[in-house]
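Subject: Structure handover and notes

Dear colleague,

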Amino acid sequence: MLETIRKLYHITLNIGINEQDSKELRLKKISITIVPVIMGPVGLIWGVILLGLGDMFSAMFPFFYAFASLINLYVFSKNKNIQLIKKSQMLLVLIIPFMLMWSLGGFAYGSYVMIWAFFSPIAALILDRSSKSFYWLGSFIALTIFSAVIDPWLIEHQSSFLPEFAIEVFFVLNISVSLCGLYFLLHYFTTQKEEDAQNKIGDSISYLQGYKDTIDKNLIVTRTDIEGKIIFANENFYRVSGFTQEEVIGKTHSIIRHPNNLNSLFQNMWQTILSKHTWHGRLQNKKKDGTGYWVDTTIAPILNNKGEIVEFLAIRHDISQLLEQQEELTHMLYFDRLTNIHNRNALSKELKQSKNFSLILVNIDSFSQVNDLYGEKMGDKILKHFSLSLLAHIKKYKNTHLYRIGGDEFAILVEDYPSLQVLNMAKELIEKTHKTPLSIDELIIPLSISIGISFEENLLLLSTTNMALKIARRSKKHIVVFSEKYSLNEEYENNMRWIKEIKDAINNDRITIYFQSIVDNKDNTINKYETLVRLIDKKGNVISPEYFLETAKKAKLYKELTKIIIKKSFDAFKDNSYEFSLNLTIDDILDNKMKSYIIEMLKKYNISKRVVFEIVESESIENFEEVENFIDEVKSYGCKIAIDDFGTGYSNFEHLMKLQADFIKIDGSIIKEIVHNKRSALITSVIVAFAKEMGIETIGEYVESKEIHDKLIELGVNKSQGYYFDKPQATLAKKCV
């Protein structure tokens, strides 16, 4: 019987609860439901007793409350609206006891009934916990005062039907039952609150343990007293440093200080933290076995409530592996993989310095025929031996440096030499090369070279020596020194023809887009394309961009082409689910009109979450703040960022992080050699490791064979693009390969 009553009681208390209700809302609903559950049956019993004693008028009030509470609970079970039952119950509980007291003849005969009205401010205090509960308390007090005012009138005009002994019994019963009801109401509420608090504390402890475990696995943490003595070190500190707790606690951090650190660094650190500021920097620490490791360190002073420093907290992140990878990648990006001499990137960086430079550009004549005759492997050996020959030749000249520009072209950068001496250096090189053939694997290989020389301004040296070299090769001369007469009039005429062709194609809508698929290496599906510009000439021929893009840039038509490609790309992908990438130069990003146009397209088409902006020529970034602002803005629309030709043009990897790249496209010159060249495979694996650590996906370009594709999968490259899958095409036909 008791168990049945308990279950019924539990079901009744939960009639207004939804599954999605929070713990706090559940507790509020139960707190208001418990009022009619306690007082409803009491009102019903009280009404029956009054009716039995012959007081039908007074019995009407508790009967009305019991009936109204039943209706309340039924409506609450249907609509789950706590506001309705809360306001109606608090109003009923406040008014009905006073009305019953008045009907019984006032304080003299019914004051014990009035105590039930105190449930109203108590419930308000539990449910609202605000100034609203004072209104209900004020209403209770006001009704009490009003009752006192009308009490003489009630005594005069109302005589109770209740005998004296009944009044005494009901006084005891009402006081005890009502106070018990208040007790159970408050007890239930506080018990539930305590359980909720205990659950939250348990969750917090669990979360804190999770945070501690994460910190111990990834961060190195120590605490020191005001004198710098270590009073705590976490598990990761001992694991990385190799020291034990007994060897560390009570000692200063000099136990792990590497001698390579400058004293001035620590002076600055102490000055900062003693002035109650946080210090951040990189330090080289020393393990117990003497080996060094690098940490990114943050040290913060911990203050008491008086603002006094009581200890210091140091948090470090081991960045040794990242720095090693960055150093290796930086070396790879400044040095040619085949010959191990400086590359074009190193030359471009050097030419930005304000020094008096001259440049000699050396090209091996008909090297493609040498490759055909001896094979590519022998061709690589020839380039290595030739670079050694060049190094030996310039060794006797101070302030002279050698670079491999690409293929069979080498550059000699000369600093502070008169033009005549530079010319003699080049002539000696030609004479030596022609008279001294290379001896490789018992083969005698004669070589012939052509040279272009320029004495122009540093930023023009590379382009002008290239012009001079072109003239030398065309005119079959061994040496040409650049001058204004070699400004390539023929090239100029050719450019004029292409300018006319480009303008005509723009005016007649013959600039179009082609698509090249980017394959997911996990399952060979195609969910992404790169859009590429094509020009259709008057005869219907499809012209690749290498024939007209440079001319478009010089003629200031490039941005118009970019806008056309952006518009047509958005049109092409608006009704499908593919992700697509658009090529942008740094000039595009820095151009305010272009930025406005891009944002306009993103707003208009509402497909920005599938747009990838592929940044080309990233090595030429100078104004990083504006580039970062552009990236932040397009990323706010959901766009992604890809970096093109990664592996051949970055001098600072912090710049890469600033670009917030989502994708890295590994340069095709690396990918092409990845199967047969261990160095290319190593570069790729390092890039992949670096990218994974940064949360960036990798894409391999120029995938031309199954062997290359398989190798990329083996090395962990995420996606592939190239002729092995398909050439750029005018349609989006494929779903998978």
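Predicted model: local features only at pLDDT ≥ 70, side-chain atom pairs only at ≥ 80, totals over all residues.

Salt bridges

A search of the whole structure finds 22 salt bridges, and I describe some of them here. Lys568 and Asp509 form one of these, with their closest N and O atoms 2.7 Å apart. Lys568 belongs to helix α20 (residues 558-573), whereas Asp509 sits in the loop between α18 (489-507) and β14 (511-520), so that the pair links distant parts of the chain, 59 residues apart. Lys568 is partly exposed at 23% relative accessibility, while Asp509, with a relative accessible area of 56%, is exposed.

A salt bridge also joins Lys665 to Glu614, at 3.3 Å from N to O. Here again distant parts of the chain are linked, since Lys665 lies in strand β20 (residues 663-666) and Glu614 in strand β18 (residues 611-615), 51 residues apart. Both partners are covered: Lys665 counts as buried at 1% relative accessibility, and Glu614 is likewise buried, with a relative accessible area of 1%. Lys665 and Glu614 also belong to a network of salt bridges that includes Glu530 and Glu701.

Asp662 pairs with Lys635, and the closest N and O atoms of this salt bridge are 3.0 Å apart. Because Asp662 is in the loop between α24 (653-658) and β20, and Lys635 is in helix α23 (residues 624-636), the pair ties together parts that are 27 residues apart in sequence. Asp662 is partly exposed at 22% relative accessibility, and Lys635 is partly exposed as well, with a relative accessible area of 25%.

Strand β20 and its partners

Returning to the strand that holds Lys665, one finds Phe663 and Lys665 pointing one way from β20 and Ile664 and Ile666 pointing the other way, with all of them buried. In a regular strand the side chains alternate between the two faces of the sheet. Strand β19 (residues 640-646) runs parallel to β20 and is joined to it by 3 bridges, with Phe646 standing opposite Ile666. Strand β21 (residues 697-700) also pairs with β20 in the parallel sense, over 4 bridges, and there Ile666 stands opposite Gly700.

A mixed sheet with helices against it

Elsewhere in the notes, 6 strands form an open sheet with mixed pairing, in the order β6-β8-β9-β7-β12-β13. Its edge strands, each of which pairs on one side only, are β6 (342-343) and β13 (479-481). Within this sheet, strand β8 (residues 400-406) and strand β9 (residues 409-415) pair in the antiparallel sense over 6 bridges, and Tyr403 stands opposite Ala411 in β9. Helix α13 (residues 344-351) packs on the sheet, where it touches β6, β7 (357-364), β8 and β9, and its direction makes about 130 degrees with that of β8. Helix α17 (residues 458-474) lies across β7, β9, β12 (449-454) and β13, and runs at about 140 degrees to β12.

A nonpolar patch

Finally, Phe134, Leu137, Ile141, Ile145 and Val149 make a nonpolar surface patch of about 490 Å². Leu137 is found in helix α7 (residues 132-157), and is partly exposed, with a relative accessible area of 30%.

How values were computed
Residues numbered from 1 in each chain as written. Heavy atoms only, no water. Salt bridge = Lys/Arg side-chain N within 4 Å of Asp/Glu carboxyl O. Helix = DSSP H or I, 4+ residues; strand = E, 2+ residues; numbered from the N terminus. Buried < 20%, exposed > 50% of the residue type's maximum accessible area, 1.4 Å probe, protein only. Pairing = 2+ DSSP bridges. Contact = heavy atoms within 4.5 Å. Axes fitted to C-alpha atoms, helices over the stretch in contact; angles between N-to-C directions. Patch = residues over 30% accessible without salt bridge, like charges linked within 9 Å, V, L, I, M, F, W, Y side chains within 5 Å. Areas by Shrake-Rupley, 256 points an atom, 1.4 Å probe, with all protein chains shown as cover.
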